[in-house]
Amino acid sequence: MKKVAVVGVGETKFSGPQEKTEVELFAEAAMEAITESNLKPKDIKALFVGNVLGDFAEGQGMVQAFAAENIGCLYVPANRYEGACASASMAIRDAFIWVASGYYDIVLAGGVERAATMGTGLATRTFAMFSDARYEYPAGITFPAVFAMLTHLYADTYKIPLQKLREQMARVSIQSYRHGSVNPRAQFYGKNADMSVEKVLGSFMVATPLTLHDCCPFSDGAAAVVLASEEVAKKLTSQPVYITGTGQSSSGPLGNQSDYLPRIRAREVSSQQAYEMAGVRPEDIDLCELHDCFSIASLIAAESLGFFDYGTAGGAWEKGEADIGGKVAVNPSGGLKSKGHPIGATGAGQVYEIARQLRGEVEPERQVPDARIGMTDTLGGDGGTLVNMIFERGW
Amino acid sequence: MEHKLIFKDYNEALKQNKLLGLKCQSCGAITIPPKMVCRQCASSDMEIVELKGSGKIRTFTTVFVASEGREDEVPYTIVMVELEDGPWIMGNLEGIDPSTASMELVGRKVKMGHKIFHGDRYSAGESARPLFSLEQE
């Protein structure tokens with residue numbers, strides 16, 4: 001298996017409703033990544049694109065073929081990945097496998113979404129399609145409702161008074177808002193830096209006990225990365241970011257995960273694969289972009305990834321252990337909560353952040369000092385798809 | 001290989017307030033909702049059984065922001081119930097004021113009825129779901 005490096009990254013601003021089409025958004029992110037890689041579109045051997053709801057958002061299927069043609073990657077294989085919110089991470093992981101195998105030496109992977117363009121009603125309906133359509137949706141399940149139920153289950157399982165847990169969860173949102181407020185590509189850039197526990201708890205209720213500020217926004221945006229084999233990477237850049245470990249896992253309906261809930265077993269399986277492949281442990285990770293679609297999701301993720309013991313992540317956030325300067329810097333980008341969550345692009349946005357953090361290129365206020373090993377964690381559905389990847393400096 | 005129990009038949013039974021599951025002939029575990037193989041041991045040797053539908057609430061939420069087409073339903077309470085037979089199942093809770101649902105619901109015993117979701121343009125038809133109500137304590 002060949003070593004594989006990220007040699008260039010690109011991203012649009014994550015935002016509310018965009019006027020640009022998905023093809024246009026993806027093309028902009030892709031060209032930024034290709035240009036940063038010192039490559040031309042003709043050098044790309046294949047293109048893997050995460051896109052979840054383009055059919056609903058703008059009546060566009062098969063966006064990957066049109067995107068490839070748009071940027072001049074002519075007649076290359078172009079594949080679309082759909083694993084709900086983990087789609088782009090699936091695309092990047094598969095690109096990694098193809099480059100590692102030696103079949104392709106340069107692959108462009110990423111994702112695009114216009115979830116904000118759909119509006120809250122249609123977005124809520126279509127996001128609920130990642131729960132079981134026959135056995136869960138009839139009860140009116142929504143995505144916030146899944147994590148709302150996990151919140152109550154978490155409080156009951158670890159015997160944490162709900163009010164205390166909600167205050168800990170508010171700390172997660174406050175930290176994410178603070179980092180996103182200084183990230184120019186974030187949806188909430190320049191906003192919400194002064195968020196307080198009281199404001200989080202007092203904002204309007206989405207699904208008890210989750211308020212608006214416990215929930216990530218609907219977002220439009222795109223992100224892309226270029227992966228290359230080690231020998232190609234060394235010719236292109238002095239700062240290749242190697243993908244040293246990956247894992248992926250799947251699960252069925254939420255109820256069928258009951259032996260483990262509120263833990264997400266698929267994440268434990270996936271992250272363990274990534275740690276073993278990379279030969280590192282949770283304590284070796286300097287920063288992690290993890291899937292904070294809801295504040296409680298950060299606690300659940302950080303525990304399953306092995307950063308904190310089960311039931312203790314809320315306290316860790318309160319003490320700053322999940323922040324820059326703590327045990328592991330979680331979501332210095334602002335995360336899904338503040339950077340935004342254009343679902344088909346989210347995983348590629350996480351990789352964009354990790355690569356730039358390892359290269360020491362982000363805004364000083366949110367740069368993790370001397371970051372050497374980074375990790376991504378992307379969740380699709382309520383555990384239906386889980387992807388983890390570990391990245392290390394190649395210099 | 002054909003399924004022993006498919007959604008259509010599960011749904012028709014639920015509309016009669018009958019909760020059908022599958023009992024594994026190898027390990028004895030109950031699988032619900034129906035699948036091709038046992039949720040515990042992946043054996044396909046399963047027989048249809050009627051479950052009682054009673055159990056206890058493990059978690060819940062009250063939804064205030066609805067999906068397109070279901071705006072008239074909010075607020076409503078969703079529960080995950082651990083059936084006496086083991087598996088967890090998702091349904092709604094009736095007989096309470098949804099806006100007052102609290103942690104005191106966790107652990108409460110419930111019995112099952114059903115309610116029809118009439119479907120929307122995406123759902124390929126209607127589906128019944130369990131509608132639980134609290135047992136008097």
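# Close-up views of a two-chain predicted model

**View 1. Leu227(A) and the residues around it.** Leaving aside neighbours within four places in sequence, Leu227(A) is in contact with Val4(A), Ala5(A), Val6(A), Ala95(A), Phe96(A), Val99(A), Val107(A) and Ala109(A). Two residues are in contact if their C-beta atoms, placed from the backbone, lie within 7 Å. This is a predicted model: local features need pLDDT of at least 70, side-chain atom pairs count only at pLDDT 80 or more, and totals for chains, interfaces and linings use all residues. Residues are numbered from 1 along each chain as its sequence is written, while chains are lettered from A and ligands numbered from 1 in the order in which they are written.

**View 2. The largest nonpolar core.** Which residues have the most contacts inside this core? They are Val6(A), Phe26(A), Ala109(A), Ala224(A), Val225(A) and Leu227(A), in a core of 173 residues. The largest share, 10 residues, comes from α6(A). Domain 1 (7-51) and domain 2 (55-134) of chain B both give residues to this core, so the core lies between them. A nonpolar core is a set of buried Ala, Val, Leu, Ile, Met, Phe, Trp, Tyr and Cys residues joined through C-beta atoms within 7 Å. A residue is buried if 20 or more other C-beta atoms lie within 10 Å of its own, exposed if 12 or fewer, and partly exposed in between; C-beta atoms are placed from the backbone.

**View 3. Where chain A meets chain B.** Here 32 residues of chain A are in contact with 34 residues of chain B. On the chain A side, α5 (115-127), α6 (143-157) and β5 (205-207) each supply at least two residues. Helix α6(A) gives the most, with eight residues. By class, the side of chain A that touches chain B has 18 nonpolar, 10 polar and four charged residues. Ala, Val, Leu, Ile, Met, Phe, Trp, Tyr, Cys and Pro count as nonpolar, Asp, Glu, Lys and Arg as charged, and the others, Gly among them, as polar. Helices (H or I, at least four residues) and strands (E, at least two) are DSSP runs, numbered from the N terminus. The predictor gives the complex an ipTM of 0.98 and a pTM of 0.98.

**View 4. Two domains of chain B.** Chain B is divided into domain 1 (7-51) and domain 2 (55-134); these bounds come from an automatic or database domain assignment. Their centres, taken over C-alpha atoms, are 21 Å apart. Domain 1 of chain B brings 11 residues to the contact and domain 2 of chain B brings 10 residues. On the domain 1 side, α1 (7-14), β1 (19-24) and β2 (30-31) of chain B each supply at least two residues. That side has six nonpolar, four polar and one charged residues. In total, chain B has one helix and eight strands.

**View 5. Gly384(A) in its loop.** Is Gly384(A) buried or exposed? Gly384(A) counts as buried, because 22 C-beta neighbours lie inside 10 Å. Its place is the loop between β11 (373-380) and β12 (385-393) of chain A. Leaving aside neighbours within four places in sequence, Gly384(A) is in contact with Ala84(A), Phe130(A), Ser250(A) and Ser251(A).

**View 6. Two residues with positive phi.** Most residues other than glycine have a negative phi, and most peptide bonds are trans. Ala84(A) is not a glycine, yet has a positive phi of about 50°. Ala84(A) sits in the loop between β3 (78-81) and α4 (87-101) of chain A. With 24 C-beta neighbours inside 10 Å, Ala84(A) counts as buried. Asn38(A) also has a positive phi, near 60°. Asn38(A) lies in the loop between α1 (22-36) and β2 (46-50) of chain A. With 13 C-beta neighbours inside 10 Å, Asn38(A) counts as partly exposed.

**View 7. Two cis peptide bonds in chain A.** Thr208(A) and Pro209(A) are joined by a cis peptide bond, with omega about 5°. Pro209(A) lies in the loop between β5 and β6 (210-211) of chain A. The bond from Leu261(A) to Pro262(A) is also cis, with omega near 10°. Pro262(A) lies in the loop between β8 (241-250) and α10 (265-278) of chain A.
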